[in-house]
Amino acid sequence: MISVPHAVSVWRRNATMYRRTWMWNILPNFFEPVLYLASIGIGVGAYVANMGGMPYVEFLAPGLLCVAAMNGASFEVTYNMYVRLNFEKAYDVMLTTPVDAGDILVGEMMWAMTRACIYGGCFYIVLAIFGLAPLPASLLALPIIPLAGLLFAAIGTSVSLRIPTIDMFSFYFTLFITPLFLFSDVFFPLRERLSGNWLWVAEALPLLHPVRLARYAFRSEWSPLLLWDVAYTLGLSALLLAWTSRGIRRRLTS
Amino acid sequence: MAVDGLDLDVVAGCCFGLLGPNGAGKTTTLRMLYGVTRPTSGTIRVFGLDVAHEARAVRARLGVTLQQNVFIEPLSPVENLRVFGRYHLLHGAELESRIEQLIDFLELRSHADVPVRFLSGGFQRRLAIAQSLMNRPDLLVLDEPTTGLDPAVRLALWSRVRALRAAGTTVLLTTHYMDEAQRLCDRVAIMCNGRIIREGAPEELIRSQLASEAVELDCEPAEESRLLEGIRVVHRLRSGTRLMLYVDDGAHLAERFRNRGDRRAVVVRPTNLEDVFLALTGTSLEGEAEPRPSTTGDGETVKDEVAFGADDAEADVAGGEERGRL
């Protein structure tokens, strides 16, 4: 059984530590979108007049918002979680208290989602300042940030619990996160470049679904396909968390 | 297998020591107590509760100081205690007043607001113990509390443990320092290769296993029989060229050596738990744990060790009535 108050105490541990350095942690979150938007807006956008039926920078905005959420959650559950698990022994000390392995997992998921919200939230503010977040339509995209955070927290955690050395995260980022970033509808519409069975294969990409949800929200459009996107995101998260809750118990207890 | 056939009873309100060399199974035994390692068979009851089914309830009344200090290094002792207190769902004024009490009790005041990474080993160890006292535990588990600390810090920590025990907290500690066990513990169990080979009060173990005094001297194995000709000792042990003889009257034996014109340096000292451990396992504490029948002695010889219990673990820790505590 999960105890929510104990999970919250795990969340607060990370929040306490983060608060200590929040200034330095939050500033880069603003620089990143500004640099992206500047590069695309001033540079690439000048050559690409139209992407998926809109100015390139507008096409890009909702996708990059989801990428920010993905990155926020991913860094937290990879390097940071690995250090807590293997070097700092933070979980070992929690298990001497009434906090249980399941509470630790839930607390960490909540914290990774929080980080996703901080990243994504900063990104959204910058988009709004540049006039790239249509109001009120884009507000509907905000719940997608924690949703994407949860998905990538679950994926990253299942990797972190199993890899033998911290160095292997470079594979995770180079061969998984980066390709997702490049091929998940963020930079170009997959529908226009892929055909036939490849489109079905692309549906397996986790980042594709939050990106599609966010883009539809930004354009205040609706499609039944979005139900599949929500189902995929929640379903895969639930599946991985069920698997991970066994994994974390196995890692921490014997 | 780290622990094999363990049968252990710890009475509420006492200080119990689990002794043994590295790898004897002490830490595994402790992990079983708070439900993080499960025995393949057998039951473990703490406060009368079955740990396998009620780990959360047991851990709510338990304080554990792990072998390794676990802190959030950039945060101060006060902030670390606050984070830790929340694991026990303490909050608000109750949490803050408990932190204040522990800062005083473990004398952390001077560095209460300094990031932990700047604190000395002794300070960090005291903070680790403060952490495990956050929930006013009925049972305090200390895994090698003083390993690697200087003598002054060890003395200070021992006084804190005594104060806790006096206030009614049951203390279970592991150590491979026999002097620590002898000074702190009401009862000790000596572990080797995952088994408890002897259990009892320190003085009682010394009396029953050896004799009250030890006479130590350098003596080549070849000259041993000549040296001991006509002399009765309760037990004798050899480590390299060092020979230890256990007798009831050490001064008398030393005098006999002198009267025979033997000029070598002789040390007469009270027998301690370290000697008992050596006699029981035939190994030094820092060495590898490979038990063999002890050397022959004129008194009792220690041969095969009895494993208590069968292939399972049986432990009952701090059962019995509630007690007042710090």
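1. Confidence in chain A. Chain A has a mean pLDDT of 93, with 100% of its residues at 70 or more, where pLDDT is the predictor's confidence in each residue, on a scale from 0 to 100. This is a predicted model, in which local features need pLDDT of at least 70 and side-chain atom pairs count only at pLDDT 80 or more, while totals for chains, interfaces and linings use all residues. Residues are numbered from 1 along each chain as its sequence is written, and chains are lettered from A and ligands numbered from 1 in the order in which they are written. Within chain A, confidence is lowest in helix α2 (residues 22–47), at a mean of 82, and highest in helix α6 (residues 144–160), at 97.

2. Secondary structure of chain A. Chain A contains 11 helices and zero strands, where helices (H or I, at least four residues) and strands (E, at least two) are DSSP runs numbered from the N terminus.

3. Overall form of chain A. The radius of gyration of chain A, taken over C-alpha atoms, is 19 Å, close to the 18 Å that the globule rule gives for 254 residues, so chain A is as compact as a globular protein of that length; the rule itself is 2.2 Å times the number of residues to the power 0.38. Along its principal axes, the C-alpha trace of chain A spans about 60 × 45 × 35 Å.

4. Packing inside chain A. Of the 254 residues of chain A, 46% count as buried, a residue being buried if 20 or more other C-beta atoms, placed from the backbone, lie within 10 Å of its own. Among the contacts in chain A with a separation of 6 or more, 83% join residues 24 or more positions apart, two residues being in contact if their C-beta atoms, placed from the backbone, lie within 7 Å.

5. Where the chains meet. In this model 22 residues of chain A are in contact with 19 residues of chain B. On the chain A side, the elements that give two or more residues are α1 (4–20) and α4 (90–94), and α1(A) gives the most, with eight residues.

6. Chain B. The domain assignment of chain B gives domain 1 (7–204 + 309–319) and domain 2 (211–270), with bounds that come from an automatic or database domain assignment. The centres of these two domains of chain B, taken over C-alpha atoms, are separated by 40 Å. Helix α11 (residues 273–281) of chain B is mostly covered, with seven of its nine residues buried, including L273(B), F277(B) and T281(B).

Note on methods
A residue is buried if 20 or more other C-beta atoms lie within 10 Å of its own, exposed if 12 or fewer, and partly exposed in between; C-beta atoms are placed from the backbone.
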